[in-house]
Amino acid sequence: GLFDRVARAAAEKNELPTFLLNLAANDGRRAHARAQLERADLLKSTRWISGVDGSALASRVVGAAVAEGAVLSQGEVGIWLSHLTAWQDVSEAGLPYALIVEDDVVLSEDARAVACRAIVELGATAWDVL
C-alpha cells in the first residue's frame, strides 16, 4: 500500500529517524550517545527524549505501570515509560518506522545503511520491532 511505498522510498534514501532516550542528569552517557550517533551519521536525524527516572517514581506509579504479578524494578519501569514516550512520538509524527536507542548504545559506522536495507527488504508493515 501507500504506507509501504512511502517507507520504502525513505529507506532507499537512507532516511532513518532516530530517537535517543537519555536521563537529562546523565551527561556522561549523553556524550557517549552523541559520539555513537556521529559515528553512524545519525546525529542530525536524532530527536532526544528525556528519559523517565524510575528511581524518582512513586511506588503507586510503578504499580500502575505494570501488570499484576510482573517483577520490574523502578529503573526498568522508567526505561519502559521512556520507550513508550518514543513510540508515541513516532506515531504522532506519522513516521512509518524509526530507530529508538538508549544512551548506552554502541553503533557501527554502517548502522544506518544496515537498518535501512533491512527495512527495504522486509517491507515497512511486515514487522513491529526489528
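## Nonpolar cores

A nonpolar core is a set of buried Ala, Val, Leu, Ile, Met, Phe, Trp, Tyr and Cys residues joined through side-chain atoms within 4.5 Å. In this predicted model, the largest such core has 18 residues. Ala11, Leu16, Leu42, Tyr97, Leu107 and Ile119 are the members that touch the most other members. Helices α1 (2-12), α2 and α5 each supply at least two residues of this core. The largest share, five residues, comes from α5.

Leucine 42 can be looked at in more detail. Not counting residues up to four places away in sequence, Leucine 42 touches Leu16, Thr18, Leu37, Leu99, Leu107 and Arg112.

## Salt bridges

Side chains of opposite charge can pair when their charged atoms come close. The structure holds two salt bridges. In one of them, the side chains of arginine 29 and aspartate 103 meet at 2.7 Å, N to O. This pair links distant parts of the chain: arginine 29 is in helix α2 (residues 27-39), aspartate 103 is in the loop between β3 (99-102) and α5 (111-122), and the two are 74 residues apart.

The other salt bridge joins the side chains of aspartate 104 and arginine 29 at 3.4 Å, N to O. Aspartate 104 lies in the loop between β3 and α5 and arginine 29 in helix α2, so this pair ties together parts that are 75 residues apart in sequence. Through shared partners, the salt bridges join Arg29, Asp103 and Asp104 into one network.

## Accessibility within the network

Buried means under 20% relative accessible area, and exposed means over 50%. Aspartate 103 has a relative accessibility of 7% and therefore counts as buried. Arginine 29, at 34% relative accessibility, counts as partly exposed. Aspartate 104 also counts as partly exposed, because its relative accessibility is 46%.

## Surroundings of aspartate 103

What surrounds aspartate 103, leaving aside its neighbours within four places in sequence? Aspartate 103 is in contact with Leu20, Leu21, Asn22, Leu23, Arg29, His32 and Ala33.

Key: Residues are numbered from 1 along each chain as its sequence is written. This is a predicted model: local features need pLDDT of at least 70, side-chain atom pairs count only at pLDDT 80 or more; totals for chains, interfaces and linings use all residues. Side-chain values use heavy atoms; hydrogens and water are left out. A salt bridge is a side-chain nitrogen of Lys or Arg within 4 Å of a carboxyl oxygen of Asp or Glu. Helices (H or I, at least four residues) and strands (E, at least two) are DSSP runs, numbered from the N terminus. Buried means under 20% relative accessible area, exposed over 50%, partly exposed in between (1.4 Å probe, protein chains only). Contact means heavy atoms within 4.5 Å.
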